[in-house]
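This briefing sets out the fold and selected side-chain interactions of the protein shown below. Please read it alongside the sequence and the structure.

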Amino acid sequence: MIAPGTRVRVRDDWPETRGPCHIRTPHYLRGEAGVVTRHLGDFPNPEDLAFGRPGKTLPLYHVRFDMSALWPERRTNEDILVEIFEPWLETAP
């Protein structure tokens, strides 16, 4: 489990280029850094369930991202909070 306050990076992976898939991780967050705010629980992987396969149970997290880091032209002090499953997260320096 990833502890709240841990800095993470969303995997810069594009499985849709390898064939049909269902992805819940927003494109605009791939490769971006954020901070885990809380563990939401463990849930079946929707990327499997979408194709009628049994979903492996995975940890789901709230991850906070600085909007101005994602969209520098916005120059805002706002954050966005996104639900991301653990396989999409890597610890960031």
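**Overview**

Of the 93 residues of the protein, 35% count as buried (buried means under 20% relative accessible area, exposed over 50%, and partly exposed in between, with a 1.4 Å probe and protein chains only). This is a predicted model, in which local features need pLDDT of at least 70 and side-chain atom pairs count only at pLDDT 80 or more, whereas totals for chains, interfaces and linings use all residues. Residues are numbered from 1 along each chain as its sequence is written, and side-chain values use heavy atoms, with hydrogens and water left out.

**Confidence**

- The protein has a mean pLDDT of 89, and 97% of its residues reach 70 or more; pLDDT is the predictor's confidence in each residue, from 0 to 100.
- Among the elements, β2 has the highest mean pLDDT (97) and helix α1 (residues 46-49) the lowest (81).
- Where pLDDT is low, the predicted coordinates should not be read in detail.

**Fold**

- The protein contains 2 helices and 5 strands; helices (H or I, at least four residues) and strands (E, at least two) are DSSP runs, numbered from the N terminus.
- Along the sequence, these elements follow the pattern β-β-α-β-α-β-β.
- The C-alpha trace spans about 40 × 30 × 20 Å along its principal axes.
- Of the contacts with a separation of 6 or more, 55% are between residues 24 or more positions apart; contact means heavy atoms within 4.5 Å.

**Arginine 30 and its surroundings**

- Arginine 30 is located in the loop between β1 and β2, and is buried with a relative accessible area of 6%.
- A polar atom of the arginine 30 side chain lies 3.0 Å from the backbone oxygen of aspartate 13.
- Neighbours within four places in sequence aside, the contacts of arginine 30 include Val10, Arg11, Asp13, Trp14, Ile23 and Trp88.

**Salt bridges and a charge over a ring**

- The model has 2 salt bridges, a salt bridge being a side-chain nitrogen of Lys or Arg within 4 Å of a carboxyl oxygen of Asp or Glu.
- One of them joins arginine 11 to aspartate 13, with the closest N and O atoms 2.6 Å apart.
- Arginine 11 is partly exposed at 24% relative accessible area, whereas aspartate 13 is buried at 17%.
- Arginine 11 also lies over the face of tryptophan 88, 4.6 Å from the ring centre (a charge sits over a ring if NZ of Lys or CZ of Arg is within 6 Å of the ring centre and within 35 degrees of the ring normal).
- Aspartate 79 forms a salt bridge with arginine 64, the closest N and O atoms being 3.8 Å apart.
- Aspartate 79 belongs to strand β4 and arginine 64 to strand β3 (residues 57-66), so this pair ties together parts that are 15 residues apart in sequence.
- Both partners are partly exposed, aspartate 79 at 40% relative accessibility and arginine 64 at 34%.

**Aromatic pair**

- The count of aromatic pairs is 1; rings of Phe, Tyr and Trp (its six-membered ring) pair if their centres lie within 6.5 Å, and planes under 30 degrees apart count as stacked, over 60 as edge-to-face and the rest as tilted.
- The ring centres of tyrosine 28 and tryptophan 71 are 5.3 Å apart and their planes are at 40 degrees, so the pair is tilted.
- Tyrosine 28 is in the loop between β1 (7-10) and β2 (33-44), and tryptophan 71 is in the loop between α2 (67-70) and β4 (79-85), so the pair ties together parts that are 43 residues apart in sequence.
- Tyrosine 28 is partly exposed at 41% relative accessibility, as is tryptophan 71 at 27%.

**Two further aspartates**

- Aspartate 66 lies in strand β3 and is partly exposed, with a relative accessible area of 34%.
- The side chains of aspartate 66 and serine 68 make a polar contact (2.8 Å).
- Aspartate 66 and aspartate 79 are 13 residues apart in sequence, and their C-alpha atoms are 4.6 Å apart in space.
- Aspartate 48 lies in helix α1 and counts as buried at 19% relative accessibility.
- Residues up to four places away aside, aspartate 48 touches Arg53, Pro54, Gly55 and Lys56.

Conventions
A polar contact is a pair of N or O atoms within 3.5 Å; within protein, one must be able to donate a hydrogen and the other to accept it, and residues adjacent in sequence count only if both atoms are side-chain atoms.
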